[in-house]
Amino acid sequence: MKVRHIIEDLEKSFEMNDEFKEFSVGFAEYTEDKDGTIYLKDVEAIDWDEDEEFFLIPSDIAKHYELTAKDYTALQLYIELEALPAIHEYDVFARSSTKVAKDGSVASINSPTWATNYLTNDKVIYFQHGDALDS
């Protein structure tokens, strides 16, 4: 998944339902046993690097990357990404597991995203990452 796919998916969701603009933003992964259970994490920041990789940063982690935490809505994320055309072709990853050492250093496992979905009752648009479910 590329950043432009997030932008396109958000546009499509807004066309489907204007309320989606105010939904929160998260990322999710399926459990390892692939029973269909997903776990959601709120996105509080975004980041990218010179290797053309874009990252969704989960709650309580932005400060460790010296990033400003935000309470994103889908529309806010869309507007922010639209304004950054230089990164539209970057690959998207979720910082799925992050550990902060006692010395303040941060290590993370970055997992590729592969789909956009939403939960109407929970009012969240989320990006799935990790291994896709087997068809």
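Trainee: Are F20 and F23 buried or exposed?

Mentor: Both F20 and F23 are buried. Keep in mind that this is a predicted model. For F20, the relative accessibility is 2%, which is under the 20% cut-off, so F20 counts as buried.

Trainee: How many aromatic pairs does the structure hold?

Mentor: There are four aromatic pairs. In one of them, the ring centres of F20 and F23 lie 4.8 Å apart with the planes at 55°, so this pair is tilted. F20 also forms a tilted pair with Y118, at 4.6 Å centre to centre and 45° between the planes.

Trainee: Which parts of the chain does the pair of F20 and Y118 link?

Mentor: F20 is in the loop between α1 and β1, while Y118 is in strand β5 (residues 106-119), 98 residues apart. Y118 is partly exposed, with a relative accessible area of 33%. Through ring pairs, F20, F23 and Y118 form a cluster.

Trainee: What lies over the face of F55?

Mentor: R95 does, at 4.0 Å from the ring centre.

Trainee: How do I read a nonpolar core, and which residues touch the most other members of the largest one?

Mentor: In soluble globular proteins, nonpolar side chains tend to be buried together. Here the largest nonpolar core has 24 residues, and V3, I6, L10, F54, L56, L77 and L81 touch the most other members. Among the elements giving two or more residues to this core are α1 (3-16), β2 (38-48) and α2 (74-82). The most comes from α1, with five residues.

Trainee: What does L81 touch, leaving out residues up to four places away in sequence?

Mentor: L81 touches V3, I6, I7, I46, F54, I87 and H88 on that count. A second, separate core has six residues, including A45, F55, I61 and F93.

Definitions and conventions:
Residues are numbered from 1 along each chain as its sequence is written. This is a predicted model: local features need pLDDT of at least 70, side-chain atom pairs count only at pLDDT 80 or more; totals for chains, interfaces and linings use all residues. Side-chain values use heavy atoms; hydrogens and water are left out. A nonpolar core is a set of buried Ala, Val, Leu, Ile, Met, Phe, Trp, Tyr and Cys residues joined through side-chain atoms within 4.5 Å. Buried means under 20% relative accessible area, exposed over 50%, partly exposed in between (1.4 Å probe, protein chains only). Helices (H or I, at least four residues) and strands (E, at least two) are DSSP runs, numbered from the N terminus. Contact means heavy atoms within 4.5 Å. Rings of Phe, Tyr and Trp (its six-membered ring) pair if their centres lie within 6.5 Å; planes under 30 degrees apart count as stacked, over 60 as edge-to-face and the rest as tilted. A charge sits over a ring if NZ of Lys or CZ of Arg is within 6 Å of the ring centre and within 35 degrees of the ring normal.
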